[in-house]
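Subject: The structure, with notes on what turned up

Hello,

Here is the structure I promised to send over. Please have it open while you read, as the notes below follow it residue by residue.

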Amino acid sequence: MTPERRERLLSVLNKRQPDLTVVLENVFDPHNISAVMRTCDAVGIQEIYVLTNKIPRHKKWGARSSSSAAKWLTVHQYESAEECFTALRKKYKKIYTTHLSSDAVSLHDIDFTESVALVFGNEHAGVSEEIIAMADGNFIIPQMGIIQSLNISVACAVSIYEAMRQKKNAGHYDKQRLDDNTFNTLLDEWGFRADDLDAIKQEEQ
(Lines give C-alpha, C1' and ligand atoms only; values in the text may rest on other atoms or scores of the structure.)
Protein backbone atom coordinates (compact mmCIF):
# COMPACT_ATOMS: atom_id res chain seq x y z
CA MET A 1 0.00 0.00 0.00
CA THR A 2 1.42 3.38 -1.01
CA PRO A 3 1.91 6.14 1.60
CA GLU A 4 -0.69 8.23 -0.23
CA ARG A 5 -3.24 5.43 -0.04
CA ARG A 6 -2.49 4.89 3.65
CA GLU A 7 -2.96 8.59 4.42
CA ARG A 8 -6.28 8.53 2.57
CA LEU A 9 -7.52 5.54 4.57
CA LEU A 10 -6.34 7.08 7.85
CA SER A 11 -8.16 10.31 7.03
CA VAL A 12 -11.42 8.47 6.38
CA LEU A 13 -11.13 6.24 9.45
CA ASN A 14 -10.51 9.26 11.68
CA LYS A 15 -13.94 10.56 10.67
CA ARG A 16 -15.91 7.35 11.17
CA GLN A 17 -18.79 7.74 13.66
CA PRO A 18 -19.34 4.60 15.78
CA ASP A 19 -22.43 6.05 17.52
CA LEU A 20 -24.59 6.47 14.41
CA THR A 21 -26.13 3.71 12.31
CA VAL A 22 -28.87 2.93 9.83
CA VAL A 23 -31.20 -0.07 9.95
CA LEU A 24 -33.02 -1.22 6.81
CA GLU A 25 -36.10 -3.33 7.48
CA ASN A 26 -37.14 -5.65 4.65
CA VAL A 27 -36.08 -3.29 1.89
CA PHE A 28 -36.80 -5.10 -1.37
CA ASP A 29 -34.63 -3.35 -3.95
CA PRO A 30 -30.90 -4.04 -3.53
CA HIS A 31 -30.21 -0.82 -5.44
CA ASN A 32 -31.96 1.14 -2.71
CA ILE A 33 -29.78 -0.59 -0.13
CA SER A 34 -26.68 0.19 -2.14
CA ALA A 35 -27.65 3.85 -2.48
CA VAL A 36 -28.03 4.00 1.30
CA MET A 37 -24.60 2.39 1.71
CA ARG A 38 -23.03 5.04 -0.48
CA THR A 39 -24.53 7.83 1.61
CA CYS A 40 -23.55 6.13 4.87
CA ASP A 41 -19.96 5.97 3.71
CA ALA A 42 -20.12 9.64 2.71
CA VAL A 43 -21.16 10.83 6.18
CA GLY A 44 -18.81 8.51 8.08
CA ILE A 45 -21.13 5.73 9.19
CA GLN A 46 -19.20 2.46 9.43
CA GLU A 47 -21.82 -0.09 10.47
CA ILE A 48 -25.29 -0.65 9.01
CA TYR A 49 -27.92 -3.28 9.76
CA VAL A 50 -30.00 -5.10 7.15
CA LEU A 51 -33.03 -6.97 8.52
CA THR A 52 -34.77 -9.47 6.24
CA ASN A 53 -37.25 -11.34 8.42
CA LYS A 54 -40.11 -11.12 5.91
CA ILE A 55 -38.27 -11.26 2.59
CA PRO A 56 -35.43 -13.47 1.27
CA ARG A 57 -31.94 -12.61 2.47
CA HIS A 58 -30.06 -10.43 -0.01
CA LYS A 59 -27.12 -12.14 -1.67
CA LYS A 60 -25.64 -9.03 -3.25
CA TRP A 61 -26.17 -5.31 -3.54
CA GLY A 62 -26.63 -3.13 -6.62
CA ALA A 63 -22.97 -2.42 -7.43
CA ARG A 64 -23.76 0.51 -9.71
CA SER A 65 -25.68 2.37 -6.99
CA SER A 66 -23.16 1.70 -4.24
CA SER A 67 -20.00 2.47 -6.24
CA SER A 68 -18.43 -0.33 -4.16
CA ALA A 69 -19.39 1.39 -0.89
CA ALA A 70 -20.20 -2.01 0.64
CA LYS A 71 -16.49 -2.82 0.45
CA TRP A 72 -15.77 -0.15 3.08
CA LEU A 73 -18.72 -0.73 5.42
CA THR A 74 -19.44 -3.31 8.11
CA VAL A 75 -22.81 -4.78 7.13
CA HIS A 76 -24.72 -6.80 9.73
CA GLN A 77 -27.49 -8.99 8.27
CA TYR A 78 -30.26 -10.41 10.45
CA GLU A 79 -33.28 -12.59 9.77
CA SER A 80 -34.69 -12.08 13.28
CA ALA A 81 -35.99 -8.73 14.51
CA GLU A 82 -35.31 -9.70 18.13
CA GLU A 83 -31.69 -10.62 17.42
CA CYS A 84 -31.21 -7.44 15.42
CA PHE A 85 -32.54 -5.23 18.21
CA THR A 86 -30.55 -7.09 20.84
CA ALA A 87 -27.41 -6.21 18.91
CA LEU A 88 -28.53 -2.61 18.44
CA ARG A 89 -29.28 -2.13 22.14
CA LYS A 90 -25.71 -3.10 23.00
CA LYS A 91 -24.34 -0.18 20.95
CA TYR A 92 -26.97 2.55 20.58
CA LYS A 93 -28.77 4.59 23.21
CA LYS A 94 -31.80 5.51 21.10
CA ILE A 95 -33.57 3.75 18.23
CA TYR A 96 -35.97 5.78 16.10
CA THR A 97 -38.22 4.66 13.26
CA THR A 98 -39.40 6.73 10.31
CA HIS A 99 -43.12 6.62 11.01
CA LEU A 100 -45.90 9.20 10.93
CA SER A 101 -47.68 9.05 14.28
CA SER A 102 -49.18 11.41 16.84
CA ASP A 103 -46.04 11.19 18.96
CA ALA A 104 -43.54 11.50 16.10
CA VAL A 105 -40.86 14.16 16.48
CA SER A 106 -39.23 16.19 13.75
CA LEU A 107 -35.95 14.91 12.38
CA HIS A 108 -34.42 18.22 13.47
CA ASP A 109 -35.44 17.61 17.10
CA ILE A 110 -33.42 14.41 17.41
CA ASP A 111 -30.19 14.84 19.36
CA PHE A 112 -27.61 13.25 17.11
CA THR A 113 -24.76 14.06 19.48
CA GLU A 114 -25.84 10.97 21.43
CA SER A 115 -25.78 7.39 20.22
CA VAL A 116 -28.60 6.88 17.67
CA ALA A 117 -29.89 4.20 15.29
CA LEU A 118 -32.38 5.16 12.57
CA VAL A 119 -34.72 2.51 11.14
CA PHE A 120 -36.11 2.79 7.61
CA GLY A 121 -38.84 0.48 6.37
CA ASN A 122 -39.45 -1.06 2.99
CA GLU A 123 -40.60 0.66 -0.17
CA HIS A 124 -44.28 -0.29 0.15
CA ALA A 125 -45.37 -0.68 3.76
CA GLY A 126 -42.73 1.35 5.58
CA VAL A 127 -41.62 0.32 9.05
CA SER A 128 -43.67 -2.57 10.46
CA GLU A 129 -45.74 -2.34 13.64
CA GLU A 130 -43.46 -4.97 15.18
CA ILE A 131 -40.41 -2.76 14.77
CA ILE A 132 -42.24 0.40 15.81
CA ALA A 133 -43.17 -1.29 19.09
CA MET A 134 -39.53 -2.21 19.72
CA ALA A 135 -38.14 1.27 19.07
CA ASP A 136 -37.81 4.25 21.41
CA GLY A 137 -39.79 6.62 19.23
CA ASN A 138 -40.75 7.78 15.77
CA PHE A 139 -39.59 10.70 13.66
CA ILE A 140 -40.73 12.45 10.52
CA ILE A 141 -38.88 14.46 7.90
CA PRO A 142 -40.51 17.92 7.55
CA GLN A 143 -42.07 18.28 4.10
CA MET A 144 -44.03 21.09 2.47
CA GLY A 145 -45.43 19.34 -0.58
CA ILE A 146 -48.65 17.51 -1.35
CA ILE A 147 -47.00 14.08 -1.57
CA GLN A 148 -45.75 13.42 1.95
CA SER A 149 -43.25 10.70 1.17
CA LEU A 150 -39.71 10.27 -0.06
CA ASN A 151 -37.85 7.40 -1.68
CA ILE A 152 -36.14 5.38 1.04
CA SER A 153 -32.63 6.23 -0.13
CA VAL A 154 -33.51 9.93 -0.28
CA ALA A 155 -35.15 9.84 3.16
CA CYS A 156 -32.08 8.17 4.59
CA ALA A 157 -29.74 10.68 2.96
CA VAL A 158 -31.70 13.65 4.28
CA SER A 159 -31.76 12.14 7.77
CA ILE A 160 -28.12 11.22 8.14
CA TYR A 161 -26.92 14.49 6.64
CA GLU A 162 -28.84 16.23 9.42
CA ALA A 163 -27.02 13.91 11.82
CA MET A 164 -23.72 14.84 10.20
CA ARG A 165 -24.50 18.57 10.53
CA GLN A 166 -25.15 18.22 14.26
CA LYS A 167 -22.16 15.98 14.85
CA LYS A 168 -19.86 18.27 12.86
CA ASN A 169 -20.99 21.26 14.93
CA ALA A 170 -20.28 19.25 18.07
CA GLY A 171 -16.73 18.45 16.91
CA HIS A 172 -17.34 14.74 16.37
CA TYR A 173 -15.34 14.75 13.13
CA ASP A 174 -12.32 16.47 14.64
CA LYS A 175 -10.77 13.45 16.34
CA GLN A 176 -10.66 9.66 16.16
CA ARG A 177 -13.85 8.17 17.59
CA LEU A 178 -13.38 4.51 16.71
CA ASP A 179 -11.72 2.46 19.43
CA ASP A 180 -8.10 1.56 18.64
CA ASN A 181 -8.82 -2.12 18.02
CA THR A 182 -11.59 -1.41 15.49
CA PHE A 183 -9.53 1.35 13.89
CA ASN A 184 -6.48 -0.86 13.36
CA THR A 185 -8.53 -3.86 12.22
CA LEU A 186 -10.31 -1.78 9.59
CA LEU A 187 -7.05 -0.18 8.47
CA ASP A 188 -5.58 -3.63 7.83
CA GLU A 189 -8.71 -4.86 6.04
CA TRP A 190 -9.02 -1.71 3.96
CA GLY A 191 -5.36 -1.88 3.00
CA PHE A 192 -5.85 -5.29 1.43
CA ARG A 193 -9.06 -4.17 -0.26
CA ALA A 194 -7.42 -1.05 -1.64
CA ASP A 195 -4.61 -3.15 -3.10
CA ASP A 196 -7.15 -5.53 -4.62
CA LEU A 197 -9.02 -2.59 -6.13
CA ASP A 198 -5.84 -1.25 -7.69
CA ALA A 199 -5.05 -4.67 -9.15
CA ILE A 200 -8.53 -4.96 -10.66
CA LYS A 201 -8.25 -1.50 -12.22
CA GLN A 202 -4.88 -2.41 -13.76
CA GLU A 203 -6.32 -5.62 -15.22
CA GLU A 204 -9.20 -3.69 -16.78
CA GLN A 205 -6.90 -1.20 -18.50
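A word on contact before anything else: two residues are in contact when they have heavy atoms within 4.5 Å. Please keep in mind that this is a predicted model, in which local features need pLDDT of at least 70 and side-chain atom pairs count only at pLDDT 80 or more, while totals for chains, interfaces and linings use all residues. Residues are numbered from 1 along each chain as its sequence is written, and side-chain values use heavy atoms, with hydrogens and water left out.

Asn 32 sits in helix α2; helices here are DSSP runs of H or I with at least four residues, strands are runs of E with at least two, and both are numbered from the N terminus. Leaving out residues up to four places away in sequence, Asn 32 touches Val 27, Glu 123, Asn 151, Ile 152 and Ser 153. Its relative accessible area is 12%, so Asn 32 is buried (under 20%; exposed is over 50% and partly exposed lies in between, with a 1.4 Å probe and protein chains only).

Ser 128 belongs to the loop between β6 and α5 (129–134). Ser 128 is buried as well, with a relative accessible area of 12%, and it touches Glu 25 and Lys 54 when residues up to four places away in sequence are not counted.

The nonpolar cores

A nonpolar core is a set of buried Ala, Val, Leu, Ile, Met, Phe, Trp, Tyr and Cys residues joined through side-chain atoms within 4.5 Å. The largest one has 29 residues, and Val 22, Leu 118 and Phe 120 touch the most other members. At least two residues of this core come from each of β1 (20–25), α2, β2 (47–51), β6 (116–120) and α6. Beyond its neighbours within four places in sequence, Val 22 is in contact with several residues, including Val 36, Cys 40, Leu 118, Phe 120 and Cys 156. Another core lies apart from it, with 17 residues, among them Ala 81, Cys 84, Ala 87 and Ile 132.

The cysteines

How many disulfides are there? The count is zero, taking a disulfide as a pair of cysteine sulfur atoms within 2.5 Å.

The pockets

A pocket is an open set of points on a 1 Å grid over the protein atoms alone, where a 1.4 Å probe fits, with protein on both sides within 12 Å along at least five of seven lines; its lining residues have an atom within 4 Å of a point. The largest pocket is lined by 21 residues, with Thr 98, Gln 143, Gln 148, Ser 149 and Leu 150 nearest its centre. β7 (137–140) and α6 (152–169) are the elements that give two or more residues to this lining.

Of the 17 residues lining the second largest pocket, Arg 8, Val 12, Arg 16, Asp 41 and Trp 190 are the closest to its centre. α1 gives the most to that lining, with five residues.

Happy reading!
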